[in-house]
Amino acid sequence: MMKKALLIKKGEFEVINDEKPRLKENHVLVKSKIVGVCGSDLHVFLGSHPRISAPAVLGHECLGEVAESSPDSIFKPGDRVALYPIVSCGKCAYCKVGEENLCIEREVIGFKFSGGLAEYLKLHEKNLIKIPKNFDFSVGVLYEPLAVIIHAVSLIEIKKGQPVIITGAGTIGLLTATYLREELGVNPYLIEKNEDRITFAKTLGFQVYNSIHDAERNNNELLRPLVFECTGYYPLLKSLLTLNVVPKKVVILSTFQKDDAIYINEFGKYEISVVSSQMYKKEEVIDAITILSTEKREKYRPLIVDEKYYLENVQQAYERSLNTTNGVKVIIEIDKVIEGRAR
């Protein structure tokens, strides 16, 4: 038997007992160790995700340890592993050209299939990546959202000295800002209205403004900036078109409501390139793991929320994720329990 956290309905988890998955060919049984709460998980929790709804076992940002494997598997019991959550068909035109992140039948472990909010999960070998024995789980859990950033940046060219604006100082916004600063030597400006997040971003050394127009008024150098849109807030996206000098490129890293639309000629009038980004490729997940395997991980550690959460209090973890202040990423330790409480 094992425990798992099941989202039974909008805004409500229940920790239940279930049968431990049985091993089958080409699969590995993984003991889940640590799971990050993603913004897309929160959309499911709040009932606002366009495709996924309760009941669901969430958790696609997951690190663990191999519990069982077949004798001929490349994975052995005790191996530390990261979940690669994309399940692709391998047959469509996108898969054939190495773009399985765009697979027309793509599903995601932690949404369509049970994710890391369970003591054990059964995964196909292709959905696992070995990680170093000394890999620090407590900050390494950022590997999945960091891969999102690495992929998005790979789609564009960032010229030296080009001004960069990031809308939103949540997990994706601050991860983007940190990656650009540490890997590319770019110091971006952030746009954020939440005072707690503004304060937190400033402690990390970033320049933050309340609005896009504030940023423009206070900087003569924001001429044709590159913008990473990380909020999904339509009025903010539209406000980019009202700058005195509009952006040259806008990279969309957020999800908008279906009815949000901007007249296409508004982009064409100023030669604005809009770049959409969808998840990542497996090699980019490996790149993220590589970064977080080095001392550079310490640059990302402040993004992790200090409070400890476990499978037993997953409800509180998700509610805390809706109101992060000091840190932006809530993590849940699966194989530990609340101190003083027996299994």
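**Figure 1. The whole chain.** Buried residues make up 52% of the 343 residues in the chain, where buried means under 20% relative accessible area, exposed means over 50% and partly exposed lies in between, with a 1.4 Å probe and protein chains only. The model is predicted, and local features need pLDDT of at least 70, side-chain atom pairs count only at pLDDT 80 or more, and totals for chains, interfaces and linings use all residues. Residues are numbered from 1 along each chain as its sequence is written, and side-chain values use heavy atoms, with hydrogens and water left out. The chain holds 12 helices and 17 strands; helices (H or I, at least four residues) and strands (E, at least two) are DSSP runs numbered from the N terminus. Along its principal axes the C-alpha trace spans about 60 × 50 × 40 Å. The radius of gyration is 20 Å, which agrees with the value near 20 Å for a compact globule of 343 residues; this radius is taken over C-alpha atoms, and the globule rule is 2.2 Å times the number of residues to the power 0.38. Of the contacts in the chain with a separation of 6 or more, 69% are between residues 24 or more positions apart, contact meaning heavy atoms within 4.5 Å.

**Figure 2. The nonpolar cores.** A nonpolar core is a set of buried Ala, Val, Leu, Ile, Met, Phe, Trp, Tyr and Cys residues joined through side-chain atoms within 4.5 Å. The largest one has 97 residues, and Leu117, Leu174, Phe228 and Tyr318 have the most contacts inside it. Helix H4 (residues 143-154) gives the most to this core, with 8 residues. A second, separate core has 18 residues, including Ile165, Ile212, Leu240 and Val246.

**Figure 3. The surroundings of Tyr318.** Which residues does Tyr318 contact, leaving aside its neighbours within four places in sequence? They are Phe13, Val37, Asp41, Leu42, Phe45, Leu58, Leu117 and Ile332. One of them, Leu117, is also listed with Tyr318 among the residues with the most contacts inside the largest core.

**Figure 4. Strand E3 and its partners.** In strand E3 (residues 27-36), 9 of the 10 residues are buried. Two strands pair if DSSP finds at least two bridges between them. E3 pairs with E4 in the antiparallel sense over 7 bridges, and Ile34 has Leu63 in E4 as its bridge partner. With strand E8 (residues 120-124), E3 runs antiparallel and is joined by 5 bridges; here the partner of Leu29 is Lys122. With strand E17 (residues 331-333), E3 pairs in the antiparallel sense over 3 bridges, and Val35 has Ile332 as its bridge partner.

**Figure 5. Strand E10 between its two listed partners.** In a regular strand the side chains alternate between the two faces of the sheet. In strand E10 (residues 164-167), Val164 and Ile166 point one way and Ile165 and Thr167 the other way, and all are buried. E10 and strand E13 (residues 226-229) run parallel and are joined by 4 bridges, with Val227 as the bridge partner of Ile165. E10 and strand E11 (residues 189-191) also run parallel, joined by 3 bridges, and Thr167 stands opposite Ile191. E10, helix H5 (residues 171-184) and E11 make a right-handed β-α-β unit. Right-handed means that, with the strands pointing away from the viewer, the path from the first strand over the helix to the second runs clockwise.

**Figure 6. The loop between E15 and H10.** Ser277 is found in the loop between strand E15 (273-276) and helix H10 (282-292). Is Ser277 buried or exposed? Ser277 counts as buried because its relative accessibility is 17%. Not counting residues up to four places away in sequence, Ser277 touches Val148, His151, Ala152, Leu155, Ile252 and Leu253. Met279 is placed in the loop between E15 and H10 and is buried, with a relative accessible area of 15%. Phi of Met279 is near 55 degrees, a positive value in a residue other than glycine.

Figure 7. Most residues other than glycine have a negative phi, and most peptide bonds are trans. The peptide bond from Ala54 to Pro55 is cis, with omega near 0 degrees. Pro55 has its place in the loop between helix H1 (39-45) and strand E4 (61-68). Arg224 is found in the loop between helix H7 (212-218) and E13, and its phi is near 50 degrees, a positive value. Arg224 counts as partly exposed, at 25% relative accessibility.
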